[in-house]
Amino acid sequence: MPAWQILGRGDRLELVGELRLDDAAAIWSVLRERPTPQTIDVSRVTLIDGTVMALLAELTRGVPAELVGARPEIAELAHLYLGAGPIRPRPPHEAALARLGGASRRLAHSLGDVVRFAGELAAAVVSVARREQTANWRSVPMFIERAGADGLPIVLLLNFLVGFVGAYQSTDQLRQFGANIYVADIIGVSVTRELAPLITAIIVSGRSGAAFAAELGTMRVSEEIDALRTMGIAPVPYLVLPRVVALAVVAPVLTLLGDVAGVLGGLVVGVTSLGLTSRGYLTELRSMVVASDVWTGLVKSAMFGISIALIGCRQGLTTRGAAAGVGHGTTATVVECLFSIVVLDTLCTVVFRGFGL
Amino acid sequence: MTDLVIARDLAIGWTPEAVLIEHASFEVRRGEIFGILGRSAAGKSTLLRMIAGLTEPLAGELVLDLPHDHRPSLGVMFQQGALFGSMTVAENVELPLERWTDLPADAIRAIARAKLRLVGLEAAEQVLPTELSGGMRKRAAIARALALEPPLLLLDEPSSGLDPITSAELDQLIVILARTLGLTVVVVTHELGSIDAILDRCILLDNESRSILAQGTPEELHASAIPRVQHFFHRTPEHV
């Protein structure tokens, strides 16, 4: 026999006995089957704890239910949980169409942010050119060092491995046709035109793009960006332009070095697995890879660098909230960077091909 | 004494759907230390950001009678200092001077050193902000806010998170700076000690009635018969 009972009919609910956390599950299963009460009689309650009172609060949400017969200690507990008036009603369940509308509004808001940022950036370039605003050019060498020199080992290693794996995957097919020497052509063209710019941009996104978002995001949440504004220093020219310039310089340089590392990866496979000589591999490479292969890759990588810096800085400057906001901005930066790199790569490839390059 | 800040029918809040205070009207007189008081989330810091020009009023009019200079004519000390972590304390103070003056580097360094001496931080000029205590960070932020000699200084909860002695020292510093430099100071605070120690006049924002509940000198507010003003000044809970 439970120590509690739930009686009453219609919108009148009567609670009896001891209603505690131990029985809360059973009590709730009874309460939720009943219509929402207008009157709750607790005159025969000997004990009721906070958990059950919280369940009553949930049950009467949005309805001005009256508690009758409450002893002083129960009345106090009820006041704490139920408050003086009715608890605010639950927000109505959002229909699918409303959710779609909400998502569209958020998307439009986010696109608006992008447009606003682009406008601020254009204004910043003009104001720096007219010497109305200053950019913190002194910080450019530091960003070049961080994004370039510090990232060089990983860029070289990954591009070497990509060249190595690409060549290795081709060995069987090339041997089959006695076309071993063409490994130099395959690796030379694919590395300089596509792989080195892409791999380098991915590394730069993960290292520098994310770092920019985290740095500026932290500055934003700790009000440092606001402090700059109050000193009459516009954040976009001061903080964004140096980072954009740094990555526009660093990305092509890293890509060029990545080209060399990737070609060397192919050379190692050519010499060790396909019986080529170094001289033969390099001679074939020189005959196949033309200057436009290299510079189109470098132009692409400069564009990747600029887009990575802009995405990282925009995410940082629009960070909301505290640490979680910084984390979200950093993640979004990497995702947006990867997306934009692939889109830009596609556009560049189509445009370069259109010009016969 | 003329008014430096005039607010008429101001609506304070982040969005039109979340208005915290409506029809706020008050004036800040030139040369006074003016307090914005209220419970947490009453809109105090938002109002300060509006005066600083960082947030637009949702409605109403906010006029600042400041010189139309090419450089900023107000200084702000943010709640956590907002010093730039990658720069030393001295470089933080030098930054606005580098941006807005043609002074040579040695003069800028000298001015920054003097500003830091003013707030008792001359020994910490080459230190990074992360190495400073909370009170020292706020002093450094005040020095930076004063770098361009603004007539108006905005301070967001200068005493929060400080021990009573450091808090009292900072209060004393604010009064000394305001009186000796002839500054107008707007302070956001809910520290009762600071209210009595430094404020000439103040307003009390109330998020329940969404209005300015009272305004006047701290003595006048202490003597107010409005129950919620009494709750605020006697630290008594409103709902028990």
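Me: Which strands does helix 4 of chain B lie across?
Reply: This is a predicted model, just so you know. In it, helix 4 (residues 134–145) of chain B lies across strand 5 and strand 6 of chain B. Helix 4 of chain B runs at about 170° to strand 5 of chain B.

Me: OK, and how do strand 5 and strand 6 of chain B pair, parallel or antiparallel?
Reply: Parallel. Strand 5 (residues 74–77) of chain B and strand 6 of chain B are paired over 4 bridges. If you want to find them, L74(B) has L152(B) as its bridge partner, and V76(B) stands opposite L154(B).

Me: Is strand 6 of chain B buried or exposed?
Reply: Buried. That goes for 5 of the 5 residues of strand 6 (residues 152–156) of chain B, so the strand is largely enclosed by the rest of the structure.

Me: Which residues sit on each side of it?
Reply: L152(B), L154(B) and D156(B) are on one side of strand 6 of chain B, with L153(B) and L155(B) on the other. Both faces are covered.

Me: How many bridges join strand 6 to strand 7 in chain B?
Reply: 5 bridges, and strand 6 and strand 7 (residues 184–188) of chain B run parallel.

Me: Zooming out, what's the strand order in that chain B sheet?
Reply: The order is 5-6-7-3-8-9, so to speak an open sheet of 6 strands with mixed pairing. Strand 5 and strand 9 (211–216) of chain B are the edge strands, each pairing on one side only. On average, neighbouring strands of this sheet are turned by 15° against each other, direction ignored.

Me: Switching to chain A: how do strand 1 and strand 2 run, parallel or antiparallel?
Reply: Antiparallel. Strand 1 (residues 4–7) and strand 2 (residues 12–19) of chain A are joined by 4 bridges. W4(A) stands opposite G17(A) of strand 2 there.

Me: What's going on at G8(A) in that hairpin?
Reply: G8(A) takes a positive phi near 95°. The hairpin has 4 residues between its strands.

Me: Which residue of strand 3 in chain A is the bridge partner of G17(A)?
Reply: V45(A). Strand 2 and strand 3 (residues 39–48) of chain A pair in the parallel sense over 7 bridges.

How values were computed. Residues are numbered from 1 along each chain as its sequence is written. Chains are lettered from A and ligands numbered from 1 in the order in which they are written. This is a predicted model: local features need pLDDT of at least 70, side-chain atom pairs count only at pLDDT 80 or more; totals for chains, interfaces and linings use all residues. Two strands pair if DSSP finds at least two bridges between them. Helices (H or I, at least four residues) and strands (E, at least two) are DSSP runs, numbered from the N terminus. A residue is buried if 20 or more other C-beta atoms lie within 10 Å of its own, exposed if 12 or fewer, and partly exposed in between; C-beta atoms are placed from the backbone. Axes are lines fitted to C-alpha atoms, for helices over the stretch in contact, and angles run from 0 to 180 degrees between N-to-C directions. Two residues are in contact if their C-beta atoms, placed from the backbone, lie within 7 Å.
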